[in-house]
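Let's take a quick tour of one protein model. Have the sequence and the 3D view ready as you read.

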Amino acid sequence: MKTPKYWQSNSVVSRLLQPVGSVYGLLTRLRLRLIKPQKVEVPVICIGNITAGGTGKTPVSISIAKLLGGELYHPYFVTRGYGGKLQNIIVNNKKHTAAEVGDEPLLLTQQAPVVVNADRFAGAELALKEGADVIIMDDGFQNPSLFKDLSFLVFDGTYGIGNGRIIPAGPLRETFADGIKRADAVIILGKDKHNLAQRSGLPVFFGHTEAVQTACVENLNVLAFAGIGHPQKFYHTLSQQGFNILETVDFPDHHFYTHKELDALLEKAQKLQAEIYTTSKDYVKIPNSYKKDIKVLEIAVVWDNPEELIRFIRKKIEPDA
């Protein structure tokens with residue numbers, strides 16, 4: 001779904017939907033209370049959020065795996081594989097498609113092995129058998145099946161928590177207060193425009209996303225499209241890189257593109273004499289026959305103090321560190 005505009009305001013629609021949001025929040029609270037988490041033999045780090053999409057959770061997960069990899073740990077990702085059909089598998093990015101495993105797992109394989117399983121405990125057990133000595137959960141903060149040794153909540157500093165209401169009245173999966181109670185620390189990407197750091201009362205780590213440019217670009221005129229929670233963030237990043245955005249096309253989050261939609265984008269770009277750019281999350285869902293005509297803007301998380309973040313993580317998952 002596309003992020004509704006009323007999620008950012010105290011609109012009539014939001015107020016009308018608030019009772020439904022209250023029921024959603026109650027069901028989440030009950031599920032978390034009634035299901036007892038199961039613990040595995042290696043540390044589990046959860047990179048979660050309390051808002052629906054668009055916080056930068058997956059880039060954060062990739063960055064933390066990179067910080068912990070190498071000589072420190074052999075991390076594995078465990079994720080549900082939203083939108084995919086296969087379960088309890090190790091993702092092979094040369095074999096599996098986004099339709100089979102979801103878009104985010106294919107991105108995560110760039111940094112570490114990925115297990116897809118909606119049952120996070122079963123997924124963690126498979127990762128353990130494969131040699132994982134630390135597990136990173138991309139999402140799953142509201143999933144109580146697997147015990148978490150360390151939980152981060154990721155926020156977009158500009159967007160914050162929207163109107164502060166629960167789905168469908170607002171963007172929250174649960175209340176800010178409930179989420180903070182179960183978190184160990186907060187990660188804020190970008191400027192903290194909503195004072196979330198002080199409101200959380202938790203350790204806070206700041207970072208931001210930057211584009212990773214690998215080649216010289218000849219044509220700066222761009223038609224940009226995205227199917228993510230907050231596509232304006234992607235368009236803003238393109239503009240910061242000096243691109244001249246002639247037109248943008250928004251699709252729902254996790255959207256799977258049809259040949260008809262891609263043909264229409266190619267035709268439009270040809271008329272505009274523009275290059276087509278999209279996000280890495282969208283690019284993995286595009287058929288190979290179209291990829292030569294579509295460019296991707298890669299992004300990475302840059303931390304204000306990466307050494308402090310590593311020390312914090314190791315202290316939580318290695319009591320003697």
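Below are notes on the sheet, a pair of helices and a pocket.

This is a predicted model, where local features need pLDDT of at least 70 and side-chain atom pairs count only at pLDDT 80 or more, while totals for chains, interfaces and linings use all residues. Residues are numbered from 1 along each chain as its sequence is written, and side-chain values use heavy atoms, with hydrogens and water left out.

**The sheet**

- Start with an open sheet of 12 strands and mixed pairing, in the order β3-β4-β2-β5-β1-β6-β7-β8-β12-β11-β9-β10. Strands here are DSSP runs of E with at least two residues, helices are runs of H or I with at least four, and both are numbered from the N terminus. Two strands pair if DSSP finds at least two bridges between them.
- At the edges stand β3 (89–90) and β10 (244–250), each with a single partner strand, so one side of each has no neighbour in the sheet.
- β6 (residues 150–156) and β7 (residues 185–189) pair in the parallel sense over 5 bridges, and Phe152 stands opposite Ala185 in β7.
- β12 runs antiparallel to β8 (residues 204–212), joined by 6 bridges; Val212 has Glu298 in β12 as its bridge partner.
- β12 also pairs with β11 (residues 275–279), this time in the parallel sense over 4 bridges, and Ile276 has Ile294 in β12 as its bridge partner.

**Two helices**

- The axes of α2 (residues 57–68) and α12 (residues 306–317) come within 11 Å and cross at roughly 80 degrees. That makes α2 roughly perpendicular to α12 (a label for angles of 65 to 115 degrees). Axes are lines fitted to C-alpha atoms, for helices over the stretch in contact, and angles run from 0 to 180 degrees between N-to-C directions.
- Ile64, Leu67 and Leu68 in α2 meet Pro306, Leu309, Ile310 and Ile313 in α12; contact means heavy atoms within 4.5 Å.
- By class, this contact of α2 with α12 has 7 nonpolar, no polar and no charged residues. Nonpolar means Ala, Val, Leu, Ile, Met, Phe, Trp, Tyr, Cys and Pro, charged means Asp, Glu, Lys and Arg, and the others, Gly among them, are polar.

**A pocket**

- The second largest pocket is lined by 22 residues, with His96, Thr97, Leu106, Val284 and Lys291 nearest its centre. On a 1 Å grid over the protein atoms alone, a pocket is an open set of points where a 1.4 Å probe fits, with protein on both sides within 12 Å along at least five of seven lines; lining residues have an atom within 4 Å of a point.
- The lining of this pocket divides into 10 nonpolar, 7 polar and 5 charged residues.

Notes
Parallel < 35°, antiparallel > 145°, perpendicular 65-115°, else oblique.
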